[in-house]
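Dear colleague,

Please find below the sequence and structure that I am handing over to you. I would be grateful if you kept them open while reading my notes.

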Amino acid sequence: MAKFITFGEVLLRLKTAGNERFFQSQSLEATFGGAEYNVAVSLANYGLNVGHVTALPDNEIAGAAIGEMREFGIDISQIRKQGERIGTYYFEQGASQRPSRVIYDRA
């Protein structure tokens with residue numbers, strides 16, 4: 001049983017290459033994120049026993065998120081497969097005086 005439990009949405013993060021703007025970039029880097037997910041990963045990286053509670057759809061993208069949590073050593077036994085989609089956010093890294101931008105796409 002996990003000593004620490006995080007509870008919250010896991011998001012698919014799509015990031016432009018380098019400091020490119022959304023429509024300058026020819027590709028997007030896909031990773032997973034979300035505030036609570038990031039906390040779970042941080043706790044696991046410190047060697048703490050952590051579990052994450054969330055609901056994810058039954059598809060390959062959600063399966064990849066679950067697989068990544070397993071790789072970090074996060075207990076995934078309380079994840080429920082339900083819903084139609086995983087929340088997504090698009091991230092554009094700032095450069096010089098231009099700030100970073102985030103666009104959320106959630107149901």
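The model is predicted, so local features need pLDDT of at least 70 and side-chain atom pairs count only at pLDDT 80 or more, while totals for chains, interfaces and linings use all residues. Residues are numbered from 1 along each chain as its sequence is written, and side-chain values use heavy atoms, leaving out hydrogens and water.

Helix 1 spans residues 35–45; helices (H or I, at least four residues) and strands (E, at least two) are DSSP runs, numbered from the N terminus. Within helix 1, Tyr37, Ala40, Val41, Leu43 and Ala44 are buried, where buried means under 20% relative accessible area, exposed over 50% and partly exposed in between (1.4 Å probe, protein chains only). After helix 1 comes Gly47, with a positive phi near 85°.

Asn19 is found in the loop between strand 2 (11–16) and strand 3. Its relative accessibility is 43%, so Asn19 counts as partly exposed. Apart from neighbours within four places in sequence, Asn19 is in contact (heavy atoms within 4.5 Å) with Gln93, Gly94, Ala95 and Arg98.

Yours sincerely
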